[in-house]
2 protein chains.
Amino acid sequence: MNSLCRLKEWFNLHCTQVQEEYFQWLRFASISADVQYAKDMRACALWVRDYLAKYTQMTSCLIETTGQPIVFAEDLRAGPAAPTVLIYGHYDVQPVDPLELWTSPPFEPTMRDGKVYARGALDDKGQIFYAVVAMRALHELIGPLSVNVKLCIEGEEESASQGLEMALSQLKGTLQADAILVVDFGQFDEVTPAITLGARGLVALEVTLTGSNSDLHSGEHGGLAYNPNRAMVELLAKLWGSQGYIQVDGFYDDVVEASADLRQQIDFALEPKSYQKTFGVGALGGERGRTMAENNFFRPTLEINGIGGGYFGAGVKTVIPAHCTAKISCRLVPNQDPKKIEQKLIEFLKSHVVAGMQIAFHSFGGAPAFRGSSDSFLAKAIAKAAEEVNGRACKKVLCGASIPIIAKLAKELEADVVGMGYGLATDNIHAPNEHFDMSRFEKGFLTLGRAIELL
Amino acid sequence: MNSLCRLKEWFNLHCTQVQEEYFQWLRFASISADVQYAKDMRACALWVRDYLAKYTQMTSCLIETTGQPIVFAEDLRAGPAAPTVLIYGHYDVQPVDPLELWTSPPFEPTMRDGKVYARGALDDKGQIFYAVVAMRALHELIGPLSVNVKLCIEGEEESASQGLEMALSQLKGTLQADAILVVDFGQFDEVTPAITLGARGLVALEVTLTGSNSDLHSGEHGGLAYNPNRAMVELLAKLWGSQGYIQVDGFYDDVVEASADLRQQIDFALEPKSYQKTFGVGALGGERGRTMAENNFFRPTLEINGIGGGYFGAGVKTVIPAHCTAKISCRLVPNQDPKKIEQKLIEFLKSHVVAGMQIAFHSFGGAPAFRGSSDSFLAKAIAKAAEEVNGRACKKVLCGASIPIIAKLAKELEADVVGMGYGLATDNIHAPNEHFDMSRFEKGFLTLGRAIELL
């Protein structure tokens, strides 16, 4: 029996138990964006630390940060001559609203048609948990590995990873590795696996306009006070030109067009018609005249993630609100510096808001884009394992989303990076009814376990 | 002892009891915009019906409508030869959010520095209650009056008065009067009384943009899907030109510039500097090149009362939301038809939204502006009584706000209209910490009581 078969057999024997444990892990409301969930965050971290201690040979602990604790584990029995792989994932999840659109509660995992519905079912509690289970199976099936493995499961990926970032130089020795495996990505399409060779960076900002001391009656004050909702729509509308290019001065200054070589390596699964049908998207965004792959992989974007001002309950409230707030984020491509982009964005907004309107900013920080090489020993092992598991050639892709810490982590450790995962764009991550198939959970487990063996 | 002194004496004797009853009346959460308050609405209406039955000679009842019930009362003992006055007010109030900005809970009336803080303290439960108390005092002091008095306290003024409007032709006989006294307005400034000779009309509309079937991840979909928040800010920003004029085709078609005679009659208390200081307003709205009085009394306006799309909780959620919604309302001047304006607004929004974005509308209806004459018997009596009570000449004003039903009511009854009241622009109506002074409550009571006597 070859080793992939042994991993499959192990999974079949343990699948009921693994699923129960997966559900336990999903029940923690580990939302990092909101401080009221701090207790759930810690309980979630402790649960997986204890799981690793119980079922693997890895030493495991919590590393405290200025933010949420990091779960760290390692098995260095392969010795200093062997290569070291750092597996990265996160246990924090996105907020859950609009809650009313969930068919089952986000923290009560529910199985429907072979799919697990829960916040974090995929991103990233589902994916990192199959990595944890793979370490357990390898321990039970093989014992000491020929490669050193470290596991870093952080708690602030969805909130810009500031805790890990601030501790990074201190943790350099602890996290030291030759290559980083980021288990937070997708497959190519429903039947084809992929390795991910990069993701975009991110910068997030909140802007608040204040027009008066207090909410005002829209009749008594209509024609007198400038409405901050109006000021906000007028201001934000200036961010895009008619061709979809972002109008912030210098926004594209540091963008380097992707090389022909890279473009050729990278596959893109979507074409406009099927994309629009799958997601019910009537209008396409991005820059006019560019392909979907270009706009999603190689070009920076700017989105209004939230806008809120005045009354949006039932019926009518004739108010000129005191404030309007918008949450804005940009996806960045390699060579763009989040701090510089944030500064340019702030300058643009300040200089284009109507005179007299108060404007204030709250920064959520950011992170640069990262790129990895398809030639690294780890990328090759993951691709080979994925091909064995899926019976299909593994595609190379980029990711339009961001894993904020990875560029900094790779730079600090001087390590190569590759991403793996079994997500699909239809899994509703960051949205109501997030879900993940148990069959893809198994493929993730097999791919990761088999790749570690191959090393 | 003259009659004003007798009214003052009555108020002094009863002021503790009246204040207790006023607080009881304010405790009903009579929010008409939200169906969950339907029970509170009815309890509120029944309370004042019973108050009128207990303390006055008026026959009182509830009139059912398709919406909230109307409290109606009448005392016709003056006989058919005597004139009939219809006193109009409303027992419904505006929603209370943002709740966290209230110093004391909106439905627990609290006295601070002689001011009563509660939702509805002024608008309009405070004002209509002093009218009710005046009817009680007149009954106890005088007995049968020389004028017929009807009282119509409706429950949907803050929600476009659709129930009363639909019942209007049926209720024509019941409500029939020679003049309508609208007790829902303000004084001129802190020491000067006013009668109100007109108010603007209103039309309110909700617009929702839908960009996809579900919320999307702003990284996975950034550059692919057109964000409805972006589509909304781009769309709404087109509503105003650089000079503050509304760009909807035909919006100003039916506007008739106010006559020189009317402009001369009407006083306006505010000038830009004091206005901006009082309300902390940094930027002025309205049409450039026009005075504040013109913009607030004689020109139509358009406001975004609410805009909401995506995530606006704590922290960051990198989402492209499925929907963005805005609540829009216009204040209208005489001769503008709310239905026509709504249609033009819908056409504008439909034709200017980005292609492919789904757009849907929800209409909240509307009402035209109204104007009354300063020469009517009722206007003269109110002005004279206000002068006696305040020891100052009574100013004539217009109101930038709206009482949706009044134009239709006046037309149906072929009655003249005049407005009275003791509100100030700093009373925070429609906003957190709405309040009203007991001293102004008393002035309202005295003015209304004295005016009825004068008739």
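Helices (H or I, at least four residues) and strands (E, at least two) are DSSP runs, numbered from the N terminus. This is a predicted model, in which local features need pLDDT of at least 70, side-chain atom pairs count only at pLDDT 80 or more, and totals for chains, interfaces and linings use all residues. Residues are numbered from 1 along each chain as its sequence is written, while chains are lettered from A and ligands numbered from 1 in the order in which they are written. Chain B can be laid on chain A by a turn of 180° and a shift of 0.0 Å along the axis, with an RMSD of 0.0 Å; the two copies are thus related as by a two-fold rotation axis. Copies are superposed by least squares on the C-alpha atoms of residues with pLDDT of at least 70 in both.

**Interface between the chains**

- Contact (C-beta atoms, placed from the backbone, within 7 Å) links 85 residues of chain B with 84 residues of chain A.
- Elements of chain B that each supply at least two residues of the side touching chain A include helix H6 (228–237), helix H8 (272–279), helix H9 (292–298), strand S11 (301–310) and strand S14 (358–367).
- S11(B) gives the largest share of that side, nine residues.
- By class, the side of chain B that touches chain A has 37 nonpolar, 36 polar and twelve charged residues; Ala, Val, Leu, Ile, Met, Phe, Trp, Tyr, Cys and Pro count as nonpolar, Asp, Glu, Lys and Arg as charged, and the others, Gly among them, as polar.
- The copies meet through the same surface, because 99% of the interface residues of chain B are also interface residues in chain A.
- Strand S11 (residues 301–310) of chain A and S11(B) run antiparallel and are joined by five bridges; two strands pair if DSSP finds at least two bridges between them.
- Within S11(B), Gly309(B) is the residue opposite Ile307(A).

**Covered strands of chain A**

- Strand S3 (residues 84–90) of chain A is mostly covered, with six of its seven residues buried; buried means that 20 or more other C-beta atoms lie within 10 Å of a residue's own, exposed 12 or fewer, and partly exposed in between, with C-beta atoms placed from the backbone.
- S3(A) runs parallel to strand S6 (residues 148–154) of chain A, with seven bridges joining them.
- S3(A) also pairs in the parallel sense with strand S7 (residues 179–183) of chain A, over four bridges.
- Tyr88(A) stands opposite Cys152(A) in S6(A) and opposite Val182(A) in S7(A).
- Strand S8 (residues 194–199) of chain A is mostly covered too, six of its six residues being buried.
- S8(A) is joined by four bridges to strand S16 (residues 395–399) of chain A in a parallel run, and Ala199(A) stands opposite Cys399(A) there.
- Two bridges join S8(A) to strand S15 (residues 370–371) of chain A, antiparallel, where Gly198(A) stands opposite Arg371(A).

**Three-stranded sheet of chain B**

- An open sheet of three strands has the order S4-S5-S18 (chain B), with antiparallel pairing.
- Strand S4 (110–112) and strand S18 (435–437) of chain B are the edge strands, each pairing on one side only.
- The twist averages 30° from one strand to the next; axes are lines fitted to C-alpha atoms, for helices over the stretch in contact, and angles run from 0 to 180 degrees between N-to-C directions.
- Three antiparallel bridges pair S4(B) with strand S5 (residues 115–117) of chain B, and Lys115(B) is the bridge partner of Arg112(B).
- Helix H13 (residues 438–454) of chain B packs on the sheet, touching S5 and S18 of chain B, and its direction makes about 70° with that of S18(B).

**Core and buried loop residues**

- The largest nonpolar core has 290 residues, and those touching the most other members are Ile180(A), Leu181(A), Ile382(A), Ile180(B), Leu181(B) and Ile382(B); such a core is a set of buried Ala, Val, Leu, Ile, Met, Phe, Trp, Tyr and Cys residues joined through C-beta atoms within 7 Å.
- Not counting residues up to four places away in sequence, Ile382(A) touches Leu181(A), Ile195(A), Val418(A), Met420(A), Thr447(A) and Ala451(A).
- Tyr422(A) sits in the loop between strand S17 (416–420) and strand S18 (435–437) of chain A, and counts as buried because it has 28 C-beta neighbours inside 10 Å.
- Tyr422(A) and Leu122(A) are 300 residues apart in sequence but 8.5 Å apart in space, C-alpha to C-alpha.
- Val333(B), in the loop between S13 and helix H10 (338–352) of chain B, has 23 C-beta neighbours inside 10 Å and so counts as buried.

Methods: Two residues are in contact if their C-beta atoms, placed from the backbone, lie within 7 Å.
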